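What follows is a walk through one structure, taking its pockets, then the packing of its helices, then its aromatic pairs.

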Amino acid sequence: MGLELIGLRNSRYWVIVPGVVSLCVVLGYVLLAGVDHEISIDAKKMFESVYTVFTQFGLLFFSPIVIYTFSNDYKEQNILFYKMSGCSSVKYFINKLSALAIYFVCAITGIVIITSTVLRDYSLTVIMILYFSCVTLFYLTVSCIWAYICKNFMTGFFVNLVIWLFTIVVAQSNKRLYMVAFYDSSSKVHKTFINLLNDSRYVKLMPLCVESIIYDVIVVGIALLIAELFKNRWKKNGI
C-alpha cells in the first residue's frame with residue numbers, strides 16, 4: 001500500500017482530495033445561506049447540510065478521483081508490474097481502496113475539525129467524522145468496483161452513475177429495499193439520522209453509526225469477492 005500512497009501523493013491527491021471535501025462543506029454552507037436563507041448557522045445546521053451534500057453528490061464528486069487511479073494504471077499498463085511483483089487482483093484492489101480511504105479520512109478529519117473550530121462547537125466533531133467517513137468509504141468502494149472492471153475512464157464513470165441512479169429508483173419503489181441505496185436521502189437511515197440530529201440526541205447516533213460501519217464492511221467484502229471473480233478482466237484491462 002505504500003506505493004499506492006506515494007503514487008497518490010505524486011498525483012497531487014494531497015491537494016485534490018481536501019479540495020473536494022472542502023467543496024462539499026462550501027456547498028453545504030451555500031445551501032443554508034443561499035437556498036434556505038438561514039441567518040444564524042450553528043454546527044447542527046451546518047453539518048446536517050454538509051451531510052446532505054455528501055449523500056446526494058458524494059458519488060459525483062468522489063468517483064472521478066477513484067476511477068482515474070485505476071484507468072491510469074490500465075492506460076500505462078502497470079498491471080504487468082503488479083503481477084510480476086506478486087500482487088494479486090484482490091491485493092491490488094485492497095491497496096487502492098485503502099490508500100484512497102486514508103487520504104479521504106484524513107481530509108475529512110481535518111476539515112471537520114476546522115469547521116467545528118470556526119463554529120466554536122465541538123459537540124458533533126467525532127460523530128460527523130465517523131458519518132462522513134462511512135458515507136465516503138461506501139462511495140469509494142462502489143466506485144472502485146466499476147473502475148476495476150471498466151478499462152476506460154468514461155465507461156467506468158457512466159456505468160457507476162447509471163447503477164447509482166438505478167439503486168435509488170429501486171429503493172424508492174420499495175422501502176424494504178432501502179439497503180441498496182443505504183445512504184441516499186430517501187432512505188430511512190438518512191431520515192433517522194436527521195431526526196436524531198435535530199433532537200440533539202447525539203448519543204443515540206452511535207448505534208446508527210455502528211450500523212453504517214457494519215454495512216460498509218459488508219459492501220467491502222462483496223467488493224473483494226467481485227475483485228476475485230473478475231481477476232481475468234483485471235489482467236486483460238492491463239494489457
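Which residues lie nearest the centre of the largest pocket? They are Phe138, Val142, Thr167, Val180 and Tyr215, out of 21 residues that line the pocket. The model is predicted, so local features need pLDDT of at least 70 and side-chain atom pairs count only at pLDDT 80 or more, while totals for chains, interfaces and linings use all residues. Residues are numbered from 1 along each chain as its sequence is written, and side-chain values use heavy atoms, with hydrogens and water left out.

A pocket here is an open set of points on a 1 Å grid over the protein atoms alone, where a 1.4 Å probe fits, with protein on both sides within 12 Å along at least five of seven lines; lining residues have an atom within 4 Å of a point. The volume of the largest pocket is about 380 Å³, a volume being the space filled by probe spheres set on the points, which are joined across faces, edges and corners. At least two lining residues come from each of helix H6 (125-149), helix H7 (153-173) and helix H9 (205-229). Helices are DSSP runs (H or I, at least four residues) numbered from the N terminus. By class, the lining has 19 nonpolar residues, one polar and one charged; Ala, Val, Leu, Ile, Met, Phe, Trp, Tyr, Cys and Pro count as nonpolar, Asp, Glu, Lys and Arg as charged, and the others, Gly among them, as polar.

The second largest pocket holds about 300 Å³ of space. It is lined by 15 residues, with Glu4, Gly7, Asp73, Tyr82 and Lys96 the closest to its centre. Helix H1 (2-10), helix H3 (43-75) and helix H4 (79-84) each give this lining at least two residues. Its classes are six nonpolar, five polar and four charged.

Helix H5 (residues 89-119) packs with H6: their axes come within 9 Å and cross at roughly 150°. Axes are lines fitted to C-alpha atoms, for helices over the stretch in contact, and angles run from 0 to 180 degrees between N-to-C directions. H5 is therefore roughly antiparallel to H6, the term for angles over 145 degrees. The contact of H5 with H6 involves 18 nonpolar, seven polar and no charged residues.

The axis of helix H2 (residues 13-35) also comes within 9 Å of that of H5, crossing at roughly 50°, and the two helices are therefore oblique to each other. For H1 and H5, the axes come within 9 Å and cross at roughly 55°, so this pair is oblique as well.

The structure holds 22 aromatic pairs, meaning rings of Phe, Tyr and Trp (its six-membered ring) with centres within 6.5 Å. In one of them, Phe138 and Tyr183 have ring centres 5.5 Å apart and planes at 55°, so the pair is tilted; planes under 30 degrees apart would count as stacked and over 60 as edge-to-face. Phe138 lies in H6 and Tyr183 in the loop between H7 and helix H8 (188-198), 45 residues apart, and the pair thus links distant parts of the chain.

How values were computed:
Angles under 35 degrees count as roughly parallel, over 145 as roughly antiparallel, 65 to 115 as roughly perpendicular and the rest as oblique.
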